[in-house]
Amino acid sequence: MQTGTAKDCFDSFDCCHLQIVSLLVWALVCSTEASICPPACQCLSKNAWTCDNISSVAEIWRDSGMVVEELTLNHIKDLNSTDDQSFSDHFGIFVAVRRLKIQQSAISSISASFIDSFPIVETVFLEDNQFLCSEHILSLQRWQSKIDGFNKLQCSSPDGLARTKVFKALKSIGRAIKECPRPCRCVVRSIDSQYSIPNLLVNCSQSKLKSTPVSLPKSWVIELDLSHNKIEDATPLFNLPVFRNVSVLNLAHNHIHNIQVPNATGHKNHFRLLNLANNKLTQLENSVIFDTENFSYEPLVMLRSNPWICDCDSVKMFQSIAMKQLHVIGDFLHLTCGGDFEGHLISSPAFLQRLCHVPAVAIMTIRCVNILCFIFVGLALIKTAFDLRSIYAVGIFHYFAHLLLPPRK
């Protein structure tokens, strides 16, 4: 009896042990399967994943140790590298991806390391996305031959590039960046330009430049921003052949003492704005003020916050320009003098009178002469009218009419 009881006990122990081992194996299998599919993804199989609403692809490789062959990313926010290391250092799970779909996402930036993390991808689907076309997605050109229907992709923004084909825009952006002078940054605003509106911004502001660029991108209508630098002479810029493509030039906040603009209309026929505010100009060269008769619109010149030398001739010239070419000096009402007359408004008629030393007695004399002339002309007209009436009253008009007209038959 005891022997049978001991045998039953051993049999029961083996059964319990077997059940425990089975539970451990099942838990291990479940945990392994859980580690294969990240929480943000739906894994239809070990080789096909669909991931939604993830901040970046880093959320996938941190939660998985398996590779995948077909990957779909919906509503992804970031297609750039993460942390301080490249994708290729971590994204071993993507080395086997052959089909990649990115859908319903705003694509504003794609890093080269993201492209490198899919070394054997064969087909890329990018339909139903919004593309912010800029230099930040130039890496996308490396996938052009692999993107299904790449000719159908269009830019969503910026406004000037909206509805432009993505790869046409990227080609133009790449060309502009290649021709962009250093250390400036070139931003394409649109592919085409109408009415001399700039379609390329060459931004050299706050670059510590002491001289103007020696070259500019070709085949663009350019807005050139050279403000907040240490430029003393801008004349070499105006002598560049490609300067004729500059429509807007911002030279504000520099150290310019003098400036000479060539008189050739070929350099001016597209000009819309020249900003020379906040420099060290003391005299206004005639070449700076454009002849607006050669334009279909009036270009603006901004000249405020310069230490202008004010004398009778210079202030008279400023006021004469303002009268003949209305609004060509956009900030004329805010121009002030430097030196001995610092702070005085150049547009003030009283200030001009003071500078030209016209005494009050002379002004009153001129006014009295004008009044006397007016009275004399008035009296002459009254005398003429009285004489004509007297002639008519004595019948002289009838006598002359009788002599000139033939007698009646």
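**Exercise 1. Determine how many disulfides a search of the whole structure finds, and describe the link of C41 and C51.**

Solution. A search of the whole structure finds six disulfides, where a disulfide is a pair of cysteine sulfur atoms within 2.5 Å. The structure is a predicted model, in which local features need pLDDT of at least 70 and side-chain atom pairs count only at pLDDT 80 or more, while totals for chains, interfaces and linings use all residues. Residues are numbered from 1 along each chain as its sequence is written, and side-chain values use heavy atoms, with hydrogens and water left out.

Step 1: one of the disulfides joins C41 to C51, with an S to S distance of 1.9 Å, and the link of C41 and C51 is right-handed, with 95° about the S-S bond.

Step 2: C41 lies in strand 1 (residues 41-45) and C51 in strand 2 (residues 48-52), so the pair ties together parts that are 10 residues apart in sequence. Strands and helices here are DSSP runs numbered from the N terminus (E, at least two residues, for strands; H or I, at least four, for helices).

Step 3: C41 is buried at a relative accessible area of 9%, and C51 is buried at 0%; buried means under 20% relative accessible area, exposed over 50%, and partly exposed in between, with a 1.4 Å probe and protein chains only.

**Exercise 2. Compare the handedness of the C310 and C337 link with that of the C312 and C356 disulfide, and locate the cysteines.**

Solution. Step 1: C310 and C337 are joined by a disulfide with an S to S distance of 1.9 Å, and this link is left-handed, with -95° about the S-S bond. C310 lies in the loop between strand 14 (300-302) and helix 7 (312-324), and C337 in the loop between helix 7 and helix 8 (349-355), so the pair ties together parts that are 27 residues apart in sequence. Both C310 and C337 are buried.

Step 2: the sulfur atoms of C312 and C356 are 2.0 Å apart in their disulfide, which is right-handed because the torsion about the S-S bond is about 90°. C312 lies in helix 7, whereas C356 lies in the loop between helix 8 and helix 9 (360-393), so parts that are 44 residues apart in sequence are tied together. C356 counts as partly exposed, at 21% relative accessibility.

**Exercise 3. Work out the strand order and the edge strands of the open sheet of five strands.**

Solution. Step 1: the open sheet has the strand order 1-2-3-4-6, with mixed pairing, and two strands pair if DSSP finds at least two bridges between them. The edge strands are strand 1 and strand 6 (123-125), each of which pairs on one side only.

Step 2: neighbouring strands of this sheet are turned by 10° against each other on average, direction ignored.

Step 3: strand 2 and strand 3 (residues 70-74) run parallel and are joined by five bridges, and the bridge partner of A48 in strand 3 is E70.

**Exercise 4. Identify the residues of the nonpolar surface patch that includes I382, and decide whether I382 is buried or exposed.**

Solution. Step 1: the patch is formed by I371, L372, F374, I375, L379 and I382, which together have about 680 Å² of accessible area.

Step 2: I382 lies in helix 9 and is exposed, with a relative accessible area of 57%.

Notes. Axes are lines fitted to C-alpha atoms, for helices over the stretch in contact, and angles run from 0 to 180 degrees between N-to-C directions. Patches are made of residues with over 30% relative accessible area and no salt bridge: like charges are joined within 9 Å, nonpolar side chains (Val, Leu, Ile, Met, Phe, Trp, Tyr) within 5 Å. Accessible areas come from the Shrake-Rupley method with a 1.4 Å probe; for residues, only the protein chains shown count as cover. A salt bridge is a side-chain nitrogen of Lys or Arg within 4 Å of a carboxyl oxygen of Asp or Glu.
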